[in-house]
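Here are a few notes to read with the model open beside you. Take them one point at a time, and find each residue as you go.

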Amino acid sequence: MELKRVVITGMGALTPIGNNLAEYWDALKAGKSGCAPITYFDTEHFKTKFACEIKNFNVTDFIDRKEARRMDRFAQYALVAGDEAIADSGLDIDSIDKYRVGVIWGAGIGGLETFQEEVKAFAAGNGIPRFNPFFIPKMIADIAPAHISIKYGFMGPNYTTVSACASSANAMLDAVNYIRLGHCDVIVTGGSEAAVAQAGMGGFNAMHALSTRNESPETASRPFDATRDGFVLGEGAGALVLEDYEYAKARGAKIYAEVIGGGFSSDAYHITAPDPEGRGVIAVMKNTLQNAGINPEDVDHINTHGTSTPLGDVAELKAIKAVFGDHAPNISINSTKSMTGHLLGAAGAIESIASVMAINEGIIPPTINHTTVDENIDPSLRLVLNQPEKREVNIALSNTFGFGGHNCCIAFRKI
């Protein structure tokens, strides 16, 4: 059977550097850091005292107060970003066949703060289990797409993918394949996360995964820099409306870009550490090129996973060199995590949005905070450092990897 083409017709973002799509994109181009001291809890006894929190956000501006209280922050973020993407798409909600519209979402952790607070309250009590009746519905990772589906009456496939930091990228490719195969006309996809909580910070600190640059948090996320010392935890959501190209064209929708393919792989190496030679990353990018029907020399830009960890950054860049060979120095390579921090399960979504906007505007956001060259990184690679780069981008890739060795890559093309 002939596969259908898939395009992006709407996007929404709620990030540490912007509370909607326009703010997010403007901040990326400006090289704005979203990192600051944590405000959600007392960090006196924590090794890391900073994160990339959402700022100037009042949930009741978007969601009824009573309803918001029944939702964990990660689900609130999902609904807000989803609303923006759906509005941006111009879908006529009343006229579409809602059985052919789905919501496929990504979340690596889900309602961590809800779980934390309920367990703390129980531990502080007298042993009688007095739990909030919304405890489980607030916590479970699949509740985010459920809220979007319920609000709009979308009755197609509805579920959450969980593959750690690759979750939303996995969700997007699942959505692409449902549309490609003709099962749906439209799918709202993306991811959300809200792990800036005592349990999240404490857990990642225990793994020695987070930066501890407490004296200068705004410069702590520094992918590719020789002095990088770990990632910075972020929170938020990104949403994209994917449609069958012919369906979108027939209704006169604006189209941001086409999703031409993607790939999956596993490192099969370690529960948290990347394969130092990047073998799984090599495989996922090769799989993506094949799936998208493109050649290595067709790629103009790669938004890397680039978390600012000592091992991960080098392994990913080695893999890019191995896959793209002589063309690698022609590819503009960046990491927008230098500004947003690492949104875990939402990373793939907001970074895909950044890749699509780079195609639309011919501007590649910088990797900020780079001061010291890492001798382990091939100097011929075209890293976009500290300043944005203007260039035509016809095809862009977005890489997203997760603990457990989960790798995902998505390819976008200008229409």
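1. Start with the aromatic cluster: F115, F122, F131 and F135 are joined to one another through ring pairs. Keep in mind as you look that this is a predicted model.

2. How many aromatic pairs are there by this rule? The count is 10. One of them is formed by F41 and F46, with 5.2 Å from centre to centre and 55° between the planes, a tilted arrangement. Are F41 and F46 buried or exposed? Both F41 and F46 are buried.

3. Now turn to Y152 and F154, whose ring centres are 5.4 Å apart. Why is this pair stacked? The planes of Y152 and F154 meet at 15°, and planes under 30 degrees apart count as stacked. Y152 and F154 are both buried.

4. Finally, have a look at T400. Where is T400 placed? T400 belongs to strand β14, which covers residues 395-402. T400 counts as buried because its relative accessibility is 0%, and buried means under 20%. Which residues does T400 touch, leaving aside those up to four places away in sequence? They are C165, A166, A169, H305, G348, H406, N407 and C408.

Conventions. Residues are numbered from 1 along each chain as its sequence is written. This is a predicted model: local features need pLDDT of at least 70, side-chain atom pairs count only at pLDDT 80 or more; totals for chains, interfaces and linings use all residues. Side-chain values use heavy atoms; hydrogens and water are left out. Helices (H or I, at least four residues) and strands (E, at least two) are DSSP runs, numbered from the N terminus. Buried means under 20% relative accessible area, exposed over 50%, partly exposed in between (1.4 Å probe, protein chains only). Contact means heavy atoms within 4.5 Å. Rings of Phe, Tyr and Trp (its six-membered ring) pair if their centres lie within 6.5 Å; planes under 30 degrees apart count as stacked, over 60 as edge-to-face and the rest as tilted.
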